[in-house]
Amino acid sequence: MSYKDQVTADRRLLILELLMQDQGMGNERVIESGLTSLGHRVGVDRAYVREQMKFLETAGCVTIDLFRDTIMVATITERGAKVSKGFITVDGVTQPTPGA
């Protein structure tokens, strides 16, 4: 796995963890802000966040709705919650570090 792939997989896990911290839901703006506040600034913009949210939706980790037909809102699924806690794995999403 390349470094770029590792960073992307880590960001996907962080998106799931951010959703878990916010009652299981979050919009693309909040997720973008959360990623940048956690040190993921390079290459993170609204389009990138949308791309990762769509990946997580395809993997069954989130569902996506559009607010006012413009803002993506993700809701974590039971599968996504299990991935965020390390109970199951999904290719392309980093496993959380135990005890972290």
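I began with Arg 50, which forms a salt bridge with Glu 28, the closest N and O atoms being 3.0 Å apart; by salt bridge I mean a side-chain nitrogen of Lys or Arg within 4 Å of a carboxyl oxygen of Asp or Glu. This pair links distant parts of the chain, with Arg 50 in helix H3 and Glu 28 in helix H2, 22 residues apart; helices (H or I, at least four residues) and strands (E, at least two) are DSSP runs, numbered from the N terminus. I noted that this is a predicted model, in which local features need pLDDT of at least 70 and side-chain atom pairs count only at pLDDT 80 or more, while totals for chains, interfaces and linings use all residues. Residues are numbered from 1 along each chain as its sequence is written, and side-chain values use heavy atoms, with hydrogens and water left out.

I then checked accessibility, where buried means under 20% relative accessible area, exposed over 50%, and partly exposed in between (1.4 Å probe, protein chains only). Glu 28 is buried at 3%, whereas Arg 50 is partly exposed at 24%.

I found that Glu 28 also forms a salt bridge with Arg 46, the closest N and O atoms being 3.8 Å apart. Because Glu 28 lies in H2 (residues 28-37) and Arg 46 in H3 (residues 46-58), this pair ties together parts that are 18 residues apart in sequence. Arg 46 is partly exposed, at 32%.

I looked next at Glu 78 and Lys 82, which form a salt bridge with the closest N and O atoms 3.3 Å apart. Both lie in helix H4 (residues 78-85), 4 residues apart, about one turn of the helix. Glu 78 is exposed at 58%, and Lys 82 is partly exposed at 35%. Salt bridges that share partners join Glu 28, Glu 32, Arg 46 and Arg 50 into one network, and the count comes to 4 salt bridges.

I turned to the open sheet of 3 strands, which has the order E1-E3-E2 with antiparallel pairing, two strands being paired if DSSP finds at least two bridges between them. The edge strands, E1 (25-27) and E2 (62-67), each pair on one side only. E2 and E3 (residues 71-76) pair in the antiparallel sense over 6 bridges, and Asp 65 stands opposite Val 73 in E3.
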